[in-house]
Amino acid sequence: MIQTADLKKSIDVYAIRKQFPVLSREVKGKPLVYFDNAATSQKPQAVVDELVNYYSNYNANIHRGIHTLAEEATLAYENTRDAVQQFIKAETREQIIFTRGTTEGINLVAYTWGRQNIRAGDEIIISTMEHHSNIVPWQILCEEKGAELKIIPINDNGELLIDKYEKLLNTKTKLVSIVHASNALGTVNPVKQIIDAAHKAGAVVLVDGAQSTVHLDIDVHEMDCDFFVFSSHKLYGPTGVGVLYGKKDLLESMPPFQGGGEMIKEVTFEKTTYNDLPYKYEAGTPNIADTIAFKTALDFIHQIGKEKIRRHEEELLIYSTAQLEQIPGLRIIGTAKEKVSVVSFIIEGLHPQDIGILLDNRGIAVRTGHHCAQPCMQCFGIPGTVRASFAVYNTKEEIDELIIGLQKAIKMLS
Ligand SMILES: Cc1ncc(COP(=O)(O)O)c(C=O)c1O
């Protein structure tokens, strides 16, 4: 809860909003209310400017050139690696691998570490609340290797049953791949406890940080995870860039993901030797512009301060939950004690998609459906929810608009 004394420390949300050009547009003749931040956040002008700056002033391929533009582009690209290292408190910069996003990071681990280490009869543990991108790569791997996928159940609040998890762990468990914060429910999982228990059982742990990295302080060293993955586009940065962090010994012992330029030391027709970390996993020309602009997004977060952002979002979560609970027939799906600023709900007798369409007519962008978490929805016995997810630039006035929009939608559809 925000205390009065802390209000002095709170953010100037209206000044922050001015940095996001899209927030001043109208949708269907109404001011945009953007509550689809868990899908992707909006981008501040500085991020857009950096993309234009790169293409206007120093567009060049990186690492290979000795000319000025190539040096400038390489420096800017590698500066983002340093910024990411600090952002998640990784031990060294070599452990930061740039990917296309969370999905590619998980697939990279499944195709490299997974194919090297998983054998018939082994077990991989995931949870009921995983995003499809943390289910399907492991299903493919299990099918190929004859391994088995084990699922941690959840309770009615959408919290993991940790005692059941601990019972699933055994000598056959080789990997635990777990979401840090659920995109469908908002639940924040006790990853440190999960990791410690997995390590005791001799298993490696991947943490899906797609939803947590923008809201929570991430310290991969303290967390002691073996792999951590996330996407820039949920952190006010561009699409098409993500990060895989890994423990150095694992990254060094894994085979490469893709073959091609940049990931090699020397190529002959007889034998190829691979590059050092992190380049061993970055074959081909990477997404240079978006990676460079990702640092600008991280700078934006630093300038405000993660603690202040978190407090603001927590205030929005508490306020929206209280307001939504007043609506007759509305049920919040995901009522865990620890949550990020995601509220998923259903309204008795109404289809989430119909609600979403009517809200869009009032300029309010929410997400409806299964949120790429179909098994989680099945567990609650529902096809999907309406999801409002909040970012640093959202306001209580916007939540009031959502409530009015929902009341009107209920009247219209009932
Ligand atoms: C929890 C979670 N994991 C993974 C992903 C996949 O992220 P991306 O589409 O950026 O690869 C998402 C995206 O919504 C997510 O919310």
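Colleague: Which residues line the largest cavity?
Modeller: Keep in mind that this is a predicted model. The lining consists of N37, A38, S41, A210, Q211, V214, H215, K234, Y236, E313, F390 and A391.

Colleague: How much space lies in the largest cavity?
Modeller: About 60 Å³.

Colleague: And how many cavities of 30 Å³ or more are there?
Modeller: The count comes to one.

Colleague: Back to that lining. How do its residues divide into nonpolar, polar and charged?
Modeller: Six are nonpolar, four are polar and two are charged. K234 and E313 are in the lining, and Lys and Glu both count as charged.

Colleague: New topic, the sheet of seven strands. What is the strand order?
Modeller: The order is β4-β10-β9-β8-β7-β5-β6. The sheet is open, and its pairing is mixed.

Colleague: Which strands stand at the edges?
Modeller: β4, residues 96-99, and β6, residues 148-152. Each has a single partner strand, so one side of each is left without a neighbour in the sheet.

Colleague: What does the twist average from one strand to the next?
Modeller: It averages 20°.

Colleague: Remind me, what do strands of a sheet pair through?
Modeller: Backbone hydrogen bonds, either parallel or antiparallel.

Colleague: Which residue in β6 does E123 stand opposite?
Modeller: E148. That puts a glutamate opposite a glutamate.

Colleague: Switching to the backbone. Is the peptide bond from L277 to P278 cis or trans?
Modeller: Cis, with omega near 0°. P278 lies in the loop between β12 (272-274) and α10 (288-304).

Colleague: What about K89, is its phi positive or negative?
Modeller: Positive, near 55°, and K89 is not a glycine. K89 lies in the loop between α3, residues 68-88, and β4.

Colleague: Where is H371 found?
Modeller: In the loop between β16 (367-369) and α13 (374-380). H371 also has a positive phi, about 55°, although it is not a glycine.

Colleague: Is H371 buried or exposed?
Modeller: Buried. Its relative accessibility is 7%, and buried means under 20%.

Terms used. Residues are numbered from 1 along each chain as its sequence is written. This is a predicted model: local features need pLDDT of at least 70, side-chain atom pairs count only at pLDDT 80 or more; totals for chains, interfaces and linings use all residues. Side-chain values use heavy atoms; hydrogens and water are left out. Two strands pair if DSSP finds at least two bridges between them. Helices (H or I, at least four residues) and strands (E, at least two) are DSSP runs, numbered from the N terminus. Axes are lines fitted to C-alpha atoms, for helices over the stretch in contact, and angles run from 0 to 180 degrees between N-to-C directions. On a 1 Å grid over the protein atoms alone, a cavity is a set of points where a 1.4 Å probe fits but cannot get out, and a pocket is an open set with protein on both sides within 12 Å along at least five of seven lines; lining residues have an atom within 4 Å of a point. Grid points are joined across faces, edges and corners, and a volume is the space filled by probe spheres set on the points. Buried means under 20% relative accessible area, exposed over 50%, partly exposed in between (1.4 Å probe, protein chains only).
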